[in-house]
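Visitor: I am new to this one. Please show me the structure, and then I will ask about the terms.

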Amino acid sequence: MERKAFKDRIIYQIYPLSFCDSNNDGYGDLKGIISKLDYLKNLGIGIIWLSPIYKSPLKDNGYDISDYYDINPLLGTMSDFDELLKEAEKRDIKIVMDLVINHTSDQHYWFQEALKDKNSKYRNYYYFKEGKGKKPPNNWNAAFSGSCWEKVPNEENMYYLHLFTKEQPDLNYHNEEVINEVKNILKFYLDKGVYGFRCDVINEIYKTSLDDGKFRFFSRGKEHYENQDGCFEVLTRLRKEALDHYDTFLVGETSSIVPDMGQKFIDTRALDTFFEFDHAFCASNKFIPIFKKKFKPKYLIKPIFKWQNAVSWIGAYLENHDQLRSVSRFGDEGKYYKESAKALGLFLLSLKGTIFIYQGEELGMLNYKDLTFEESDDCMAKSVVNTATHILPITKKFAFKLVNETVNRDHARAPMQWDDSINGGFNNGAKTWLKVNSDYKNINAKEELNDPDSTFNFYKKAIAFRNNNDCFKDGEFIPLKSNSNIAKFIRKTAEESYLCVINLSKKEIKDKDIDENKQIVLSTHKKHQKNILKPYEGLIYKL
Ligand code: NOJ
C-alpha cells in the first residue's frame, strides 16, 4: 500500500515574514518563497508548512487573522498564493497551511460586528460574559501573562475571553455557526489544492465551562479548556464533514500533551499527528521558564525517546518559530559548532514520525547575540518582560536578558540568511522588519551550498538517505541503554535494521559499538576511531 505523503516526506516550515523579501519592502513574501522553491527541492523537501499568510494586523505575526479568505498584503495576493501552489506542484512539493481557529484577530469582521452590536449574531461567535463584581468573569490567565478577560469598551461590566493577547479573542465552539465557518475555510483552501493544515493550539479550542480554574501560576483554568471531549467532537466532525472528501493531513499543536491524549487524537482521527513540547522546554526551569537550566544532552534525549514509542505517529522537530535555535540551545556555538549542528540534524532525521525542519535549521542558524528590548518584536517576550519587572525586583534590561536566553521567539524569526550580501540576501538592503543576525557573513546558504562539508550539505545527504529508506520512515524505534550524552537506538523493519549512535556532547566518549569495519551509511565525521566517539560525532551503521 502506498504510504501517505505525510508519512513519506520531510516537512519544511517557512515563516513567511522572514524567508525571502522579493520586493525589498523589509518583509518576506510569497514571491520570495516561489523564488526559493528550487532551493527546497534541492534540499529534498516534499512538503512546506507555511506559518499564517492570511490578512492580519500582525499583533502576533499572523496568528491573529482578520480575514481567512485574503492574503496579508505585505506577503502578496491571492493570485501569488495560487502561483505558489502551481509552482510547488510542478516540483512535486505539497503545501500545508497554518490553521488558526482558536481565536481570530480583534479586527476580524465577526468580532467588530460583535463589539458594535450586543444583539448581533456574532456575539455568540465569541465568549462575552459579565464580570463578577469588579472582577473578570473567572480567574483564568492568558498564555502571554495577565488575565484572559478584556473589558468591552463602552459597556458596563462586560468582558470577552482571549487565551492569548487581548487582540486575539477566542471563538466559541459551542456555536454551530462557528463550526460551519471553519468547514468553509477548510474547503476553500483544500479546493485550491492545499494538502493539509497545522492546527494552532488545537487542544484548547473547546471550553467546557467558564468556571474558575485550580490555582496555578501558568495556564490557570486549563482543566476547563485543554483536551476536552468537545474538542475531539469538533475535530472528528470537521474530519467527516469536510476533510474526508480530500486526501489531507492535520498536525496539531498540542500544548502540555500526554501520551494517552496524544494517541486519542490519532485514534479518533481528530488529528493525524501532533507536536509534543516536553523536549522543547528542556533547557528551562520547569516552574519559572525564564530561568535557564544548564543544558545536558539527556534532557533532550529522554523526552524524545519517550515520545518515539509513546504514540503511533509523532511530529518530530527540534525547532519552530516559537523556539530558540537548536544549535544555540542544545549544541555548541563555539569550537564544535558545525559538528553539533550536524549531530542534531542526524538525530532529528533518524527519528520515527513526520520530520519537521524549520527554515535555517539546515544551515545551523543561531540565536542573536545582541538583540535589545527595543529591537525585539515578539509580543510574548515583551509581555513576559513587563510582567517579570512587575512581580520581581529586577530591571527591564535584566528581565529581557533572562527572556532572551530562554523564551524569546525573535531568535527563530530573524530573516533567513541566503548569502553574505547586505541583509544576508534576504532583500536588497531595505530595513528589515526584524533585524538580520550579524553572523550572516559566516552562516548563509550560498556559502554552504558551495561547501561539500557544510551543515546544509549534510542535511541534504541525510534527507536523501531518509527519503529513500523505508526503515527510517516507519520502522520500529528501539532505544538502547548508553552513556547519558549519547542517543543510541536501532531502527528496524522485518527486512533491515540500522544502529544509530550520536554523541550530543563536547566530550570524547568510549563506545564499544564504534567500529570502522562495520558498514557506515551516514556519519557526521569523515574519519572514525575504533571504540571512540568524538565530540558530536554521529553514525548510522547498517546491521
Ligand atoms: C501558537 C503559535 O505557534 C504561536 O506563534 C502563537 O503566538 C500562538 N499559538 C497563538 O496563536
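**Cysteines, helix pairs and a loop residue**

Guide: The structure holds zero disulfides, a disulfide being a pair of cysteine sulfur atoms within 2.5 Å. Cys148 is in no disulfide, and the nearest cysteine sulfur, that of Cys379, is 16 Å away. This is a predicted model, in which local features need pLDDT of at least 70 and side-chain atom pairs count only at pLDDT 80 or more, while totals for chains, interfaces and linings use all residues. Residues are numbered from 1 along each chain as its sequence is written, and side-chain values use heavy atoms, with hydrogens and water left out.

Visitor: How do you know that the sulfur of Cys231 is too far for a bond?

Guide: The closest cysteine sulfur, in Cys199, is 9.7 Å from that of Cys231, and the limit is 2.5 Å, so the pair is too far for a bond.

Visitor: Why is Cys148 called buried?

Guide: Buried means under 20% relative accessible area, exposed over 50%, and partly exposed in between (1.4 Å probe, protein chains only). Cys148 has 0%, so Cys148 is buried. Cys231 is also at 0% and therefore counts as buried.

Visitor: What makes Asp278 partly exposed?

Guide: The relative accessible area of Asp278 is 33%, which lies between 20% and 50%, so Asp278 is partly exposed. Asp278 sits in the loop between strand S11 (273-275) and helix H9 (297-310); helices (H or I, at least four residues) and strands (E, at least two) are DSSP runs, numbered from the N terminus. Not counting residues up to four places away in sequence, Asp278 touches Pro303, Lys306 and Trp307, contact meaning heavy atoms within 4.5 Å.

Visitor: Why are H11 and H16 called roughly parallel?

Guide: The axes of H11 (residues 337-349) and H16 (residues 455-467) come within 10 Å and cross at roughly 15 degrees. Axes are lines fitted to C-alpha atoms, for helices over the stretch in contact, and angles run from 0 to 180 degrees between N-to-C directions. Angles under 35 degrees count as roughly parallel, over 145 as roughly antiparallel, 65 to 115 as roughly perpendicular and the rest as oblique. H11 and H16 are therefore roughly parallel.

Visitor: What makes H12 and H13 oblique?

Guide: The axes of H12 (residues 379-391) and H13 (residues 396-406) come within 9 Å and cross at roughly 130 degrees. That angle falls between 115 and 145, so H12 and H13 are oblique to each other. Their contact is made by Ala381, Val384, Val385, Asn386, Ala388 and Thr389 of H12 and Lys396, Ala399, Phe400 and Val403 of H13.
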